[in-house]
Amino acid sequence: MPHNLQLAITAFGGPETLKLQQTAMPEPQDGQVLIKVAFAGVNPVDAKTRAGLGWGAEKIKDMLPWVPGFDAAGVVVNDVGEYKAGDRVAGRIVEGGGYGQYLCADVSALSRIPDDVSFEAAVSLPVAGLTAWQALELAGLQAGETVLILAGAGGVGHIAIQLAKAKGANVYASCSTVNSAFVSALGATALDYTASELHEQVNNINVLIDLVGGDVGEAALTCVAKNGRVVTVPTITADRIIDAAKPLGIEAKGMLVVPKPEQLNALLSLVNDGAVRVEVAKTYPLEEGVQAHIDIQTGRTRGKLLLEMPE
Ligand SMILES: NC(=O)c1ccc[n+]([C@@H]2O[C@H](COP(=O)([O-])OP(=O)(O)OC[C@H]3O[C@@H](n4cnc5c(N)ncnc54)[C@H](OP(=O)(O)O)[C@@H]3O)[C@@H](O)[C@H]2O)c1
């Protein structure tokens with residue numbers, strides 16, 4: 001009988017609480033596809049949830065052991081509707097489960113991967129790409145406006161830079177010295193936050209996309225023009241940033257990324273056309289997922305971290 005190796009959060013705590021487990025093959029329900037997962041994305045929310053923090057932990061607290069992984073890319077196992085066995089698909093899996101060899105996903109959450117797009121590039125897009133897309137959309141960024149993206153070198157930031165550039169905006173992105181050349185190559189003016197305060201480097205910004213939150217997000221409000229717009233993406237500090245923005249005459253909003261296959265299709269097309277490029281910093285075998293969590297928690301990732309499933 002085929003087995004299903006997964007990496008599960010067994011208790012809230014440090015990365016070592018992630019443990020491998022063998023389970024039975026999942027059974028697809030009506031409208032679901034069984035996917036043999038090739039790669040999963042590792043996102044900061046996975047580590048926060050494992051640590052018992054935020055909306056993710058609240059949602060799964062009674063479901064442990066629980067398998068994380070909101071990004072998955074792989075191959076369809078069974079024919080369902082428009083999908084045939086062997087089709088390459090990727091999706092934002094709201095129930096999690098990407099950290100495993102097999103998962104069932106709603107047909108409605110999936111996108112086909114174009115032939116020339118790798119699994120690695122495709123699996124980098126559901127959470128990070130959709131977050132970048134939806135943050136810029138929520139901010140209503142227009143051609144000719146200036147946008148400051150905090151954490152331009154990260155999973156979300158490096159895609160947001162490219163999408164903002166494609167919209168015709170004038171893009172600034174904060175990063176440390178080591179990532180300045182990377183961020184510049186994506187089309188942004190890199191602002192090295194270790195060199196001086198951001199508000200000494202840029203101000204009167206129309207739109208701030210805050211991908212750091214907390215003290216850093218709050219300090220960056222001083223770069224924004226009166227009547228400017230802010231989208232603060234880390235949910236844990238969103239209320240704080242929204243409250244701090246109000247007295248400055250700045251409208252700040254929080255967000256939670258939602259699966260939108262039509263947007264994922266558009267992102268996959270942009271990658272296929274070479275208009276957006278995805279940076280994968282490192283791929284770990286599933287069995288080394290603990291190290292992937294140690295690394296994502298440093299907050300120093302350039303682009304994406306991925307897990308590769310065993311055959
Ligand atoms: N609300 C939602 O639906 C949603 C969706 C996705 C992500 N998120 C949240 O959004 C945040 C970003 O996600 P992500 O996947 O892009 O994270 P990530 O890939 O882990 O971000 C890492 C990057 O952050 C940069 N960074 C760290 N501190 C910085 C600072 N003070 N100023 C500027 N850059 C800094 C690092 O660059 P340097 O090493 O150069 O500093 C690194 O490249 C996370 O908090 C995540 O949980 C929320």
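# Exercises on a predicted protein model

Trp 55, Trp 66 and Phe 70 form one aromatic cluster. The structure is a predicted model, in which local features need pLDDT of at least 70 and side-chain atom pairs count only at pLDDT 80 or more, while totals for chains, interfaces and linings use all residues. Residues are numbered from 1 along each chain as its sequence is written, and side-chain values use heavy atoms, with hydrogens and water left out.

## Exercise 1: the aromatic rings

Task: Find how many aromatic pairs the whole structure has, and classify the pair of Trp 66 and Phe 70.

Solution. Step 1: Rings of Phe, Tyr and Trp (its six-membered ring) pair if their centres lie within 6.5 Å; planes under 30 degrees apart count as stacked, over 60 as edge-to-face and the rest as tilted. A search of the whole structure with this rule gives 2 aromatic pairs.

Step 1: For Trp 66 and Phe 70 the ring centres are 6.0 Å apart and the planes stand at 50 degrees, so this pair is tilted.

Step 2: Both Trp 66 and Phe 70 are buried, where buried means under 20% relative accessible area, exposed over 50%, and partly exposed in between (1.4 Å probe, protein chains only).

Step 3: Arg 92 lies over the face of Phe 70, at 5.0 Å from the ring centre, and the charged end of Arg 88 sits over the ring of Phe 119, 4.6 Å from its centre. A charge sits over a ring if NZ of Lys or CZ of Arg is within 6 Å of the ring centre and within 35 degrees of the ring normal.

## Exercise 2: the partners of strand 3

Task: Work out which strands pair with strand 3 (residues 32-42), including strand 6 and strand 15, and describe how these strands are covered.

Solution. Step 1: Helices (H or I, at least four residues) and strands (E, at least two) are DSSP runs, numbered from the N terminus, and two strands pair if DSSP finds at least two bridges between them.

Step 1: Strand 3 and strand 6 run antiparallel and are joined by 5 bridges, with Ala 105 of strand 6 as the bridge partner of Val 33. Strand 6 (residues 102-106) is mostly covered, since 4 of its 5 residues are buried.

Step 2: Strand 3 also runs antiparallel to strand 15, to which 4 bridges join it, and here Val 42 has Leu 305 as its bridge partner. In strand 15 (residues 304-308), 4 of the 5 residues are buried, so this strand is largely enclosed by the rest of the structure.

Step 3: Strand 15 pairs with strand 14 (residues 280-285) in the parallel sense, over 5 bridges, and Leu 307 in strand 15 is the bridge partner of Tyr 284.

## Exercise 3: the backbone

Task: Describe the peptide bond from Leu 64 to Pro 65, and the phi values of Ala 151 and Asn 227.

Solution. Step 1: Most residues other than glycine have a negative phi, and most peptide bonds are trans.

Step 1: The bond from Leu 64 to Pro 65 is cis, with omega near -5 degrees, and Pro 65 is placed in the loop between helix 2 (54-60) and strand 4 (71-76).

Step 2: Ala 151 has a positive phi, near 70 degrees; this residue is in the loop between strand 8 (146-149) and helix 5 (155-166) and counts as partly exposed at 27% relative accessibility.

Step 3: Asn 227 also has a positive phi, near 70 degrees, but lies in strand 12 (residues 224-232) and is exposed, with a relative accessible area of 66%.
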